[in-house]
Amino acid sequence: MGREIVMDAMALYEEARAHENALSGFYHRNVRVEDDSGPLLVRIPGPGAEPMDLTLWPEPEVLRAIRPFVSRAPRLVHAGVSPDFQIHEFIAGRRVDEIAQDGKPLPDVVLDGVEQFFGEVLRVPTAALAAVPPGWPDDGDTPGFARCLLDFARHLRDRADASVDALYQALGVPADPCGPLLERADRELARRPFRLLHGDIHRKNMILSGRAGLVVLDWELALWGDPLYDLADHLHKTAYTAADRQRTVAGWERAAPADCRAGAPAGLGFYLAYEEMKSALVDTVRWGRRIVEAPAGRERQALAAELRTKLLAARPHWDAGPLPEAAEIEDTTLRLLG
């Protein structure tokens, strides 16, 4: 990933902007373009992307900071400000979800790559990173970091418009979904030194490249905080088999410095609970809108069943009544959001 690149950045941006076939995540459109020096990836913010995740830094700042320390990340070639876009060196390979979908076992090369990735990112020196905003918790204040996460989750719940609020109420999502977890933070979170966190490692954000090995994409949600949160977020989003999950936790423990592993079992349990709770908040909105947009029939029914599974996982973390069945969730969503 070190070839010399000479290009007309604005011309590539305009080409990408006009391109109809793009890989779109929640926050960016990603378009492969061809330059004289080879393929590149143009990354453009999605129109009207609704922020559902806590962020600290612009993604280009993160990529520049980690370049000397993390080999398993894309190389930033150009960052535009007005208009806002990035150009990355294109990583040829297979996305991990194309190798094995959620719930299916992953090959050794992926699991070993994840361990090596954590080993690199956990050793990025704090001095290499940009300053955090005023009020961000001090290094090692893991309960304070957890409160930042919980405050953001409360913000997601509080900002709901009338229709989304009605759907939350109908599906048993409380007005304060964070209370029980807030009570657990001081009790369960040991002090650990803060580290750089990727914040969004899952099958669709990992590419297995024959040239570069496992590469982890999409650094826009990077944070500075409790290193156990990155592991919990990864486990929650990657849907490992039981054996792969156990191996990934063991790999993280081998990769992590000793002081990052203090109180690991309790901390991991706390952040997994947070991820289940936050997923219910976010995906009530995202899956609700997908249900409305889907054609009647199996696709819509499957989405309602998936949303029910997400809500069911969050149930132990708040006091809520019985959860409606998938058919009722589908009908209620259509009535309130349709």
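Tutor: Two strands count as paired if DSSP finds at least two bridges between them. The structure discussed here is a predicted model.

Student: What makes β4 and β5 a pair?

Tutor: Strand β4 (residues 76–80) and strand β5 (residues 85–89) are linked by four bridges in the antiparallel sense. The requirement is at least two bridges, so the two strands qualify as paired. Phe85 in β5 is the bridge partner of Gly80, and the hairpin that joins β4 to β5 runs through four residues.

Student: How do you know that β2 and β3 pair?

Tutor: Eight bridges connect β2 with strand β3 (residues 38–45), in the antiparallel sense. With at least two bridges required, β2 and β3 therefore meet the criterion. Among the details, Asn30 has Arg43 in β3 as its bridge partner, and the hairpin formed by β2 and β3 has two residues between the strands.

Student: Why is strand β2 called mostly covered?

Tutor: Six of the eight residues in strand β2 (residues 28–35) are buried. A residue is counted as buried when its relative accessible area is under 20%.

Student: What makes β6 and β9 edge strands of their sheet?

Tutor: The sheet is open, has three strands in the order β6-β8-β9, and pairs in the antiparallel sense. β6 (94–95) and β9 (213–216) each have a single partner strand, which means that one side of each lacks a neighbour in the sheet.

Student: How do you know that β8 and β9 pair?

Tutor: Strand β8 (residues 206–209) and β9 share four bridges in the antiparallel sense. Since at least two are needed, β8 and β9 are therefore a pair. Within β9, Val215 stands opposite Ile207.

Student: Why is Asp97 called buried?

Tutor: Asp97 has a relative accessible area of 15%. The limit is under 20%, so Asp97 is classed as buried. Asp97 is located in helix α3 (residues 96–99). Beyond its neighbours within four places in sequence, Asp97 is in contact with Arg203 and Lys204.

Student: What makes the approach of the Asp97 side chain to that of Arg95 a polar contact?

Tutor: The side chains of Asp97 and Arg95 make their polar contact at 2.7 Å.

Student: What is the makeup of the largest nonpolar core?

Tutor: The largest nonpolar core has 90 residues, of which Phe118, Trp219 and Tyr271 touch the most other members. Helix α10 (residues 264–293) supplies the largest share of this core, 14 residues. A second, separate core has eleven residues, including Tyr13, Leu40, Ile44 and Ile87.

Student: Which residues does Phe118 touch?

Tutor: Not counting residues up to four places away in sequence, Phe118 touches Ile201, Asp230, Leu231, His234, Trp252 and Ala255.

Student: Why is α8 called mostly covered?

Tutor: Ten of the twelve residues of α8 are buried; among them are Asp230, Leu231 and His234. Helix α8 (residues 227–238) reaches 17 Å from its first C-alpha to its last, close to the 16 Å expected. Ala239, which follows α8, has a positive phi, near 55°.

Student: How do you know that the span of α11 agrees with expectation?

Tutor: The 17 residues of helix α11 (residues 298–314) should span 24 Å at 1.5 Å a residue, and the end C-alpha atoms are 25 Å apart, which agrees.

Student: What puts the buried residues of α11 on the same side?

Tutor: The buried residues of α11 are Arg300, Leu303, Ala304, Leu307, Arg308, Leu311 and Ala314. Around the axis they cover an arc of only 140°, so they are on the same side of α11. They pack against α10 and α12 (326–337), while Arg298 and Thr309 are exposed on the other side of α11.

How values were computed. Residues numbered from 1 in each chain as written. Predicted model: local features only at pLDDT ≥ 70, side-chain atom pairs only at ≥ 80, totals over all residues. Heavy atoms only, no water. Buried < 20%, exposed > 50% of the residue type's maximum accessible area, 1.4 Å probe, protein only. Polar contact = N/O pair within 3.5 Å; in protein donor to acceptor, adjacent residues only side chain to side chain. Contact = heavy atoms within 4.5 Å. Core = buried A, V, L, I, M, F, W, Y, C linked by side-chain atoms within 4.5 Å. Expected span 1.5 Å × (residues − 1). Arc of directions from axis to C-beta.
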